[in-house]
Amino acid sequence: MDHDFDDFHGFYLFLASLGLIWFLALWTLWLLGTWAARSRYRLRPRSPLSSAARTAVPGVSILRPLKGLDTNLYENLESTFTQEYPNFEILLCVADEDDQALPVVRELISKYPHVSAKISIGEEDVGINPKVNNLMGGYRSAANDILWVLDSNVTVHAGTLARAVDALQTPTKSGKRVALVHHVPFAFSTESRVGSRIDEAFLNTNHAKMYLAINTIAIESCVVGKSNLYRRSDLERVNGSLKPITSTEPNAKQDGLCGLAAFGRFLAEDNMIASALWHELGLRHDLSCDVARNVVGNMSLRDYVQRRVRWIRVRKNMVFAATLVEPFTESIVLVAIGSSSLKYFFGLSRWLCIVIHFCMLLIVDLDVYTSLAGHPLPQSIKWGFLAGWVARELLALPIFILAIFGNTVEWRGLEYEVLNNGEVKYVSNRQSFFDSFEFLRRYRPKKYQAVETEPVLP
């Protein structure tokens with residue numbers, strides 16, 4: 001009997017020790033992300049490239065995939081026309097000649113005649129990902145090796161491009177060349193819908209601090225594709241296999257299809273491009289001190305849940321082990337583990353631990369939010385944020401449970417099945433509740449059509 005008691009005591013001691021280590025490790029990671037946000041984003045110095053001569057800086061081609069009238073579209077696109085950088089062109093990519101975004105695009109081209117801007121009409125069917133199909137015309141016709149791909153719902157500061165090129169040309173501390181510069185998403189909502197507020201709270205707190213912490217440690221690729229800057233010459237050497245190139249030739253490339261077209265088979269093409277540059281070429285990524293201001297439109301609670309389910313299922317088929325760990329990084333599960341361990345070792349009240357944990361977490365998350373926003377938060381934003389923050393924390397575990405069982409995802413009113421390594425196949429286009437909304441029908445797969453380039457308007 002005493003032997004059995006000792007076994008149980010040893011087992012509980014082991015679990016309590018493991019729980020305490022995990023609790024402290026996650027808090028260390030959160031504080032690292034908070035420190036990274038403070039040190040990187042509270043000061044954004046002007047790059048010397050902003051005032052350099054045109055011939056003294058590398059040219060950049062800005063690619064913007066468009067489909068319909070996104071929220072804040074005019075301001076989003078205008079932010080690329082006003083970049084403080086002496087040598088860039090803009091390629092605005094649409095699939096159809098009657099796309100609703102074209103009048104906005106043409107108005108901006110007329111407003112900024114000194115900016116080299118072109119419209120690429122049509123798409124090339126290289127895979128199931130409609131964003132990649134949309135981008136192919138601009139990708140092939142880009143005049144420069146450095147490409148900056150920006151989603152249509154993103155707006156950026158005027159100095160973003162210059163600072164990103166600075167980061168691209170600066171080696172990492174380990175001496176490895178930087179292959180990709182990305183920007184942490186910073187969401188702001190123009191709507192008061194529940195889903196919009198929750199998504200805003202998620203992206204600006206939990207997602208941001210983990211994203212920044214992982215990229216600070218930099219032991220693995222972790223990239224969101226809202227705003228990515230990379231070289232086409234690097235992309236043309238990789239194919240998404242994530243297997244290192246074995247040849248010792250300086251410009252060796254993978255066998256078979258390479259370049260942007262090779263990533264049309266993935267739903268998360270942005271993450272796969274970043275991973276390919278990291279693993280296949282042995283290069284690294286970097287963040288600049290700018291954010292990608294992600295405009296959150298009219299998002300219902302169901303839209304938010306659907307979006308989170310989609311990306312959890314994609315990650316599950318890309319990094320299964322890491323996805324299974326995700327619930328244990330959520331605050332409610334973590335405080336259950338931590339409070340039990342602290343009670344076991346120190347006799348502390350679980351409720352006291354829970355209250356202190358969430359008070360500290362709220363302070364940390366508000367600090368991250370403030371760092372990304374670049375200014376103290378007004379009172380109105382704080383109350384709206386608080387409601388979204390509480391809802392996000394409560395929904396995290398139920399959404400994960402819903403997402404982990406299943407491989408089908410709905411995106412833009414279409415249904416896909418997620419396969420191994422993040423590839424997807426088209427399942428159906430059956431009518432659904434979501435399909436009744438225009439913004440959920442964007443990027444519907446279309447037949448191949450030749451790519452035309454429209455000249456710059458006077």
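In helix α6 (residues 194-204), the buried residues are Gly-195, Ser-196, Ile-198, Asp-199, Glu-200, Ala-201, Phe-202, Leu-203 and Asn-204, where buried means under 20% relative accessible area, exposed over 50% and partly exposed in between, with a 1.4 Å probe and protein chains only. Because 9 of the 11 residues of α6 are buried, the helix is largely enclosed by the rest of the structure. The model is predicted, so local features need pLDDT of at least 70 and side-chain atom pairs count only at pLDDT 80 or more, while totals for chains, interfaces and linings use all residues. Residues are numbered from 1 along each chain as its sequence is written, and side-chain values use heavy atoms, with hydrogens and water left out.

**Helix α6 and Phe-202**

- Phe-202 is found in α6 and is buried, with a relative accessible area of 7%; helices (H or I, at least four residues) and strands (E, at least two) are DSSP runs, numbered from the N terminus.
- The C-alpha atom of Phe-202 is separated by 6.4 Å from that of Arg-392, although the two residues are 190 residues apart along the chain.

**Strand β1**

- Strand β1 (residues 60-65) is largely enclosed by the rest of the structure, because 6 of its 6 residues are buried.
- In a regular strand the side chains alternate between the two faces of the sheet.
- Both faces of β1 are covered, with Val-60, Ile-62 and Arg-64 buried on one side and Ser-61, Leu-63 and Pro-65 buried on the other.
- Strand β1 runs parallel to strand β2 (residues 88-94), to which it is joined by 6 bridges, and two strands count as paired if DSSP finds at least two bridges between them.
- Within this pairing, Arg-64 has Leu-92 of β2 as its bridge partner.

**Helix α13**

- Helix α13 (residues 350-373) has 24 residues and reaches 34 Å from its first C-alpha to its last, close to the 34 Å expected at 1.5 Å a residue, the expected span being 1.5 Å times one less than the number of residues.
- The N-terminal end of α13 is capped by Ser-349, a side-chain oxygen of which lies 3.3 Å from the backbone nitrogen of Trp-351.
- Buried residues of α13 include Cys-353, His-357, Leu-361 and Val-364, as well as Asp-365, Asp-367, Val-368 and Tyr-369.
- Just after α13, Gly-374 takes a positive phi of about 85°.

**Nonpolar surface patch**

- Phe-11, Tyr-12, Leu-13, Phe-14, Leu-15, Leu-18, Tyr-344, Phe-345, Phe-346 and Leu-348 form a nonpolar patch on the surface, with about 970 Å² of accessible area together.
- The elements that give two or more residues to this patch are α1 (2-41) and α12 (331-346), and α1 gives the most, with 6 residues.
- Accessible areas come from the Shrake-Rupley method with a 1.4 Å probe, and for residues only the protein chains shown count as cover.
- Leu-348 is found in the loop between α12 and α13 and is partly exposed, with a relative accessible area of 34%.

Methods: Polar contact = N/O pair within 3.5 Å; in protein donor to acceptor, adjacent residues only side chain to side chain. Patch = residues over 30% accessible without salt bridge, like charges linked within 9 Å, V, L, I, M, F, W, Y side chains within 5 Å. Salt bridge = Lys/Arg side-chain N within 4 Å of Asp/Glu carboxyl O.
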